[in-house]
Amino acid sequence: MSTSTDVSLSSYDEDQGSKLIRKAKEAPFVPIGMAGFAAIVAYGLYKLKSRGNTKMSIHLIHMRVAAQGFVVGAMTLGMGYSMYKEFWAKPKP
């Protein structure tokens with residue numbers, strides 16, 4: 001007994017680039033948080049050689065806190081934006 005089912009595989013046909021673009025449109029603060037994290041880490045690595053007499057562990061802790069703070073801030077703004085779109089900016093029926 002054979003049955004025919006229509007299974008949509010459109011999500012599997014999507015390549016990585018278009019999937020990233022689609023997800024970025026759905027949640028725009030995620031790529032902002034990722035870019036900010038990468039920028040803070042790059043800045044921390046750049047400043048690593050000119051940290052003066054600051055201990056390495058203290059420098060790394062400061063960079064970790066800054067990067068995490070940026071990501072948490074981006075997540076908070078993203079949640080606020082999503083709540084605004086869902087609850088307050090709904091089109092009137």
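1. Confidence first: the chain has an average pLDDT of 82, and 84% of its residues reach at least 70. (pLDDT is the predictor's own confidence in each residue, on a scale from 0 to 100.) This is a predicted model, where local features need pLDDT of at least 70, side-chain atom pairs count only at pLDDT 80 or more, and totals for chains, interfaces and linings use all residues. Residues are numbered from 1 along each chain as its sequence is written, and side-chain values use heavy atoms, with hydrogens and water left out.

2. (Helices are DSSP runs of H or I with at least four residues, strands are runs of E with at least two, and numbering starts at the N terminus.) Confidence is lowest in H1, with a mean of 84, and highest in H3, at 89.

3. UniProt, in an unreviewed entry, lists residues 27-45 and 65-84 under "transmembrane region". (Its positions follow the numbering used here, feature names are shortened, and annotations may be inferred rather than shown by experiment.) In the model, residues 27-45 are 89% helix and 0% strand, with end C-alpha atoms 29 Å apart. Residues 65-84 are 100% helix and 0% strand, and there the end C-alpha atoms are 28 Å apart.

4. (Buried means under 20% relative accessible area, exposed over 50%, and partly exposed in between, using a 1.4 Å probe and protein chains only.) The chain exposes about 8100 Å², and carbon and sulfur atoms supply 66% of that. (Areas come from the Shrake-Rupley method with a 1.4 Å probe; for residues, only the protein chains shown count as cover.)

5. Have a look at Met-83, Tyr-84, Phe-87 and Trp-88, which make a nonpolar surface patch of about 510 Å². (Patch residues have over 30% relative accessible area and no salt bridge; nonpolar side chains, meaning Val, Leu, Ile, Met, Phe, Trp and Tyr, are joined within 5 Å, and like charges within 9 Å.) Tyr-84 belongs to helix H3 (residues 56-88) and is partly exposed, at 46% relative accessible area.

6. How many salt bridges does the whole structure hold? The search finds one, between the side chains of Glu-26 and Arg-22 (3.2 Å, N to O). (The cut-off is a side-chain nitrogen of Lys or Arg within 4 Å of a carboxyl oxygen of Asp or Glu.) Both residues sit in helix H1 (residues 16-26), four residues apart, about one turn of the helix. Glu-26 is partly exposed at 45% relative accessibility, and Arg-22 is partly exposed at 32%.
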